[in-house]
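Hi,

Here is the structure I promised to pass on.

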Amino acid sequence: VAMLLSSTVYVSFRALFPTSRAEAAPIFAAMPEASPAEHALFEWVIAHTTLADRFYIRIIPAIAQGRNDIPDSEAYQLDRIRFMAYTGRFSVGPLSQWWYYPPSLTVPSLAIEKSCSIEAFRTLKIQYLIVETADRAAWFSAHCREEDWMVRYDGGNTKERYPKLYELKK
C-alpha cells in the first residue's frame, strides 16, 4: 500500500511539474574515482583474496588530503570506503570515539596506529596491510617490523611503487 501511494504521489508530481529536477542536487558528495594504481591493486585483491579476509588501511585526515569540501568524519575514511566499494572486502579502521566499543576492540585498534602491533592485528583478525602512499610508507617504516610482513603486491607497474600490500606472516 505504501509503495502504491508513494508511486502515485511521484507520478502526480511529475505530471504537474514535468521540468522539476529533484535529483539535480546529490544528497551525498560523489566518491572520488580510484587512480589507475588503485584500480590495479583492487583487481589484484579481488583475484587473490577472499571475502573473509580483512585489511587495514592507515587513513589520513581530510584536511591533510587537501579536502575541505566534505566533513572530516567522511573524508577521513574515503580510502577505506573506496577500497571496500571496489573490492567488496572489509577494511578495519580506527574505532569511532562517539560509539561504545569494548576495550577488547578499542585497545588493539589504538595499538595498530601507535605501534603497528602484530598482536593487535591478530586480535582483530586482520591479515593484510595496505600502504597507499609515501607518507604512509614512512609510518610503516617507523612503526612496523618488515620481518613480520610479506610483500604480496608491490605497486604494479607504477614508478612510485605504491600502493603496496603486505600480508602478515603466520
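This is a predicted model: local features need pLDDT of at least 70, side-chain atom pairs count only at pLDDT 80 or more; totals for chains, interfaces and linings use all residues.

Strands E4 and E5 (residues 164-168) run antiparallel and are joined by 5 bridges; strands here are DSSP runs of at least two residues, helices are H or I runs of at least four, and both are numbered from the N terminus.

Residues are numbered from 1 along each chain as its sequence is written, and side-chain values use heavy atoms, with hydrogens and water left out.

The open sheet has 5 strands in the order E2-E1-E3-E5-E4, with mixed pairing (two strands pair if DSSP finds at least two bridges between them). E2 (90-92) and E4 (149-154) stand at the edges with a single partner strand each, so one side of each has no neighbour in the sheet. From one strand to the next, the twist averages 35 degrees (axes are lines fitted to C-alpha atoms, for helices over the stretch in contact, and angles run from 0 to 180 degrees between N-to-C directions).

Helix H2 (residues 36-48) lies across E1 (54-57), E3 (128-131), E4 and E5, at about 120 degrees to E4. Helix H7 (residues 134-143) also packs on the sheet, touching E1, E3, E4 and E5, and makes about 130 degrees with E3 (contact means heavy atoms within 4.5 Å).

Best wishes
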